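Trainee: I would like to go through this structure term by term. Please show it first.

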2 protein chains.
Amino acid sequence: MIIDVHGHYTTAPAALGQWRDLQMAGLQDPRRTPGAADLRISDDEIRETIENNQLRLMRERGLDLTVFSPRASFMAHHIGDFETSSAWAEVCNELCFRVSELYPAHFVPAAMLPQSPGVDPRSCITELVRCVEQYGNVAINLNPDPSGGHWSAPPLSDRSWYPIYEKMVEYDIPAMVHVSTSCNACFHTTGAHYLNADTTAFMQCLDSALFQDFPSLRFLIPHGGGAVPYHWGRFRGLAQALNKPLLEAHLLNNVFFDTCVYHQAGIDLLSRVIPVKNILFASEMVGAVRGIDPQTGHYFDDTKRYIEATPHLSHEDRSQVYEHNARRVFPRLDAILQRQGR
Amino acid sequence: MIIDVHGHYTTAPAALGQWRDLQMAGLQDPRRTPGAADLRISDDEIRETIENNQLRLMRERGLDLTVFSPRASFMAHHIGDFETSSAWAEVCNELCFRVSELYPAHFVPAAMLPQSPGVDPRSCITELVRCVEQYGNVAINLNPDPSGGHWSAPPLSDRSWYPIYEKMVEYDIPAMVHVSTSCNACFHTTGAHYLNADTTAFMQCLDSALFQDFPSLRFLIPHGGGAVPYHWGRFRGLAQALNKPLLEAHLLNNVFFDTCVYHQAGIDLLSRVIPVKNILFASEMVGAVRGIDPQTGHYFDDTKRYIEATPHLSHEDRSQVYEHNARRVFPRLDAILQRQGR
């Protein structure tokens, strides 16, 4: 079985974007602010966007199931205030829930949070609870920079984040640490901001005692961990200089990397350097890089091909990366699969 | 011959730090502001710090020459205003010049610029000219984020940077794109901010036509290019999605990567993915990671060992990485070496 732990509903029906446009117009003229009921998307529209895109590609590539969350770049937590983010998260999370209801064998939802710059992360708990308890979400996406590229929030090791972690521990759900659109002209969203955030979050964990406070907290660092595996020696050396334990003990019971690295050499490095137990299969498809690699004739984001071809993974390793690590890191996903007899 | 293109005077005599402390005190109480003449460092003090540190390690490792610039983390362009940065750059650049005068066979200077947040980059030209014409500097360090982690400057493709580029082209000198200390609590300086800046700068170049405007402009991206080589497939795919030419044509006549990657797997990836002509040997020693790797028994930053061991470089490739690429990218360094009969 092959589980892709990193998929977003990037292909949602156009009505969702129109609803968001209205919501943004409402920031200037509150009379235009739409209600949740103003978003009308039929099941057939959902089916069309899923079957022609993610599900088609999953079938072509032999992927069984995707952990599916709202489009990361559209979270845009920097827009408006907490109420804005709250209403937006509600409609986006409901849509992913509906996808999971229509395709229970293929999609399991993960939640975006109604984060907002300068607002206490505790404010996100209500939506988190709703998504876990009512929608069966198996994870959350946590944005370490709700400002969208201005990095005005404290590091993830700051105690202000702890209420979210307490709830994650209570529910035994992991967080994928994933930023959204950059509104800082310095940072291209998918070419710089995403990768920078991955590296930044890892180093925030390294330079802290966060996992002493939360021994069972689990973070998934997407996009292959940003710059981290490529600079693994640097991080081992920095941990040593900062008098931290070896990374295996200090971080690798809690921090995991996905395989959204879009060429063979990158996956080879990831699987050579990072212990197999810490690597989870993912493609972030349909996502940042949608084209076909002229060097291979295959989609850049068809990451299964690289996993299959890498010399650093045995058959048993691959089944860990494809399935067993995900079932361990996402226990609620495992529970769903067990109920399905899988 | 082995040229290390990335060294900083991290071991400068304590008097330099004391001068800087006084300068910062002067921001509160201008009567305390020191003049350049208040910095007194003897040639013997310089010899002691160089011979016991960089030169000792260069001899142990078999490196012949280092392109040597002021300590990157101490540039701290966010402190004070242009006058502050200007006075600080002057004393730091003079010190590296003195090192190069004392050890002309081993150190060639590169300049820090008196950048300051919100100040026109044109203001740096006077110091740049002084360093090239009077001190024989062969390169500059260009900080894409003088704010120190708040990223308030425009991207490197913005026309406000062009006066610096015009002068670089006139003098035929490259810039190493190198940030300084982070004063944003989100970013650990050497574990996040440095690597993020490398990735960010590369993507700013990718998402622009900068090298159409300056076909002979050359940037060295340090720290092995941040996350870039590890995500080379992602960047190739993004270039394609942005309708840019292939990276070889779009960037690789102008953008170069150093080898400051502190483990074998990282150097293996770099040398597998990036064309040999774009890789320049460097160690950034004595720098961010000064310890000994318990897995190898050697210094993390002894990057020559990884270059020697990588299967992706032939003997001829190695001599390009060690010497010939540096002489091509730093023509004024080549001219100095030729005058020395090397």
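**Terms and what backs them**

Mentor: Chain A can be laid on chain B with an RMSD of 0.0 Å, by a turn of 180 degrees and a shift of 0.0 Å along the axis. Copies are superposed by least squares on the C-alpha atoms of residues with pLDDT of at least 70 in both.

Trainee: What makes this the relation of a two-fold axis?

Mentor: Two copies of a chain are related by a rotation about an axis and a shift along it. Here the turn is 180 degrees and the shift is 0.0 Å, and that is the relation of a two-fold axis. In chain A, the C-alpha nearest the axis belongs to A:Ala227, at 2.1 Å. The same surface serves both copies: 100% of the contact residues of chain A recur in chain B. Contact means heavy atoms within 4.5 Å.

Trainee: What should I know about the model and its numbering?

Mentor: This is a predicted model, where local features need pLDDT of at least 70, side-chain atom pairs count only at pLDDT 80 or more, and totals for chains, interfaces and linings use all residues. Residues are numbered from 1 along each chain as its sequence is written, chains are lettered from A and ligands numbered from 1 in the order in which they are written, and side-chain values use heavy atoms, leaving out hydrogens and water.

Trainee: How do you know that β8(A) and β9(A) pair?

Mentor: Two strands pair if DSSP finds at least two bridges between them. Strands β8(A) and β9(A) have two bridges, in the parallel sense, so they meet the definition. A:Phe257 stands opposite A:Ile279 there. Strands β7(A) and β8(A) pair over three bridges, also parallel. A:Phe219 has A:Val255 as its bridge partner in β8(A). Strands are DSSP runs of E, at least two residues; helices are runs of H or I, at least four, and both are numbered from the N terminus.

Trainee: What makes both faces of β8(A) covered?

Mentor: A:Val255 and A:Phe257 on one side, and A:Phe256 and A:Asp258 on the other, are all buried. Buried means under 20% relative accessible area, exposed over 50%, partly exposed in between, with a 1.4 Å probe and protein chains only.
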